[in-house]
Amino acid sequence: MARLKLILPESFLFSTTIAVRITDLNYGNHLANDKVLSILHEARMQFFQHYGYSELDFAGVSVIMGDVAIEYKNQAFYGDQLLIEISVQDFSRVSFDIAYKISTKDKLIAKAKTGIVTFDYKNNKVVEVPEKIKDIFLNR
């Protein structure tokens, strides 16, 4: 199987900085691969909050992660300040992708994509992406 190659957008809608914590390290004394997913989750929560939303209140619906892809590029270490840049792309009727670029001041750490599905937890079913959300992110 071919190696994963994510293509990031040229511009991003949001950025945040998250420090690598001691609990984010693995036995190799660098950022653990599973902790990258946790950092993406934190960055996504901050991104949604920036626009006045949360995962449970996303313009009247909720969201659930349908898939994730992470392309690791370099190691990060305790205390590194990770810049996470975020953009939205590839809308469908019931989903969209969030693209992430994770870097330090001098190197790319990882590229990632999460597939986000709009969901109704009360009825336990997939629902359409609200038009308001498409308007916000497609017109940036």
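Tutor: Start with the largest nonpolar core. It has 35 residues, and Phe58, Leu82 and Ile84 touch the most other members. Strand 1, helix 1, strand 2, strand 3 (81-89), strand 4, strand 5 (108-120) and helix 2 (131-138) each give two or more residues to this core. Helix 1 gives the most, with 6 residues. Keep in mind that this is a predicted model.

Take Phe58 next. Not counting residues up to four places away in sequence, Phe58 touches Phe48, Tyr53, Val63, Phe96, Pro130, Ile133 and Phe137. Phe58 also belongs to an aromatic cluster, together with Phe14, Phe47, Phe48, Tyr51, Tyr53, Phe91, Phe96 and Phe137. The count of aromatic pairs comes to 10.

Now helix 1, which covers residues 33-50. Its 18 residues should span 26 Å at 1.5 Å a residue, and the end C-alpha atoms are 26 Å apart, so the two values agree. The buried residues of helix 1 are Val36, Ile39, Leu40, Ala43, Arg44, Phe47 and Phe48. Two of these, Phe47 and Phe48, are also in the aromatic cluster. The buried residues of the helix pack against strand 1, strand 2, strand 3, strand 4, strand 5 and helix 2.

Look at what flanks the helix. Most residues other than glycine have a negative phi. Asn29 is not a glycine, yet its phi is positive, about 65°. Asn29 lies in the loop between strand 1 (14-19) and helix 1. Gly52 follows helix 1 and has a positive phi, near 85°. Ala59 is another non-glycine residue with a positive phi, about 55°. Its place is the loop between helix 1 and strand 2 (62-72). Ala59 is partly exposed, because its relative accessible area of 27% falls between the 20% limit for buried and the 50% limit for exposed.

Finish in strand 4 (residues 95-103), where Ser103 is found. Ser103 is buried, because its relative accessible area is 8% and the cut-off is under 20%. Leaving aside neighbours within four places in sequence, Ser103 is in contact with Gln81, Leu82, Leu83, Glu85, Leu108 and Ile109. Leu82 brings us back to the core, as one of the residues that touch the most other members.

Note on methods. Residues are numbered from 1 along each chain as its sequence is written. This is a predicted model: local features need pLDDT of at least 70, side-chain atom pairs count only at pLDDT 80 or more; totals for chains, interfaces and linings use all residues. Side-chain values use heavy atoms; hydrogens and water are left out. Helices (H or I, at least four residues) and strands (E, at least two) are DSSP runs, numbered from the N terminus. Buried means under 20% relative accessible area, exposed over 50%, partly exposed in between (1.4 Å probe, protein chains only). Contact means heavy atoms within 4.5 Å. Rings of Phe, Tyr and Trp (its six-membered ring) pair if their centres lie within 6.5 Å; planes under 30 degrees apart count as stacked, over 60 as edge-to-face and the rest as tilted. A nonpolar core is a set of buried Ala, Val, Leu, Ile, Met, Phe, Trp, Tyr and Cys residues joined through side-chain atoms within 4.5 Å. The expected span of a helix is 1.5 Å times one less than its number of residues.
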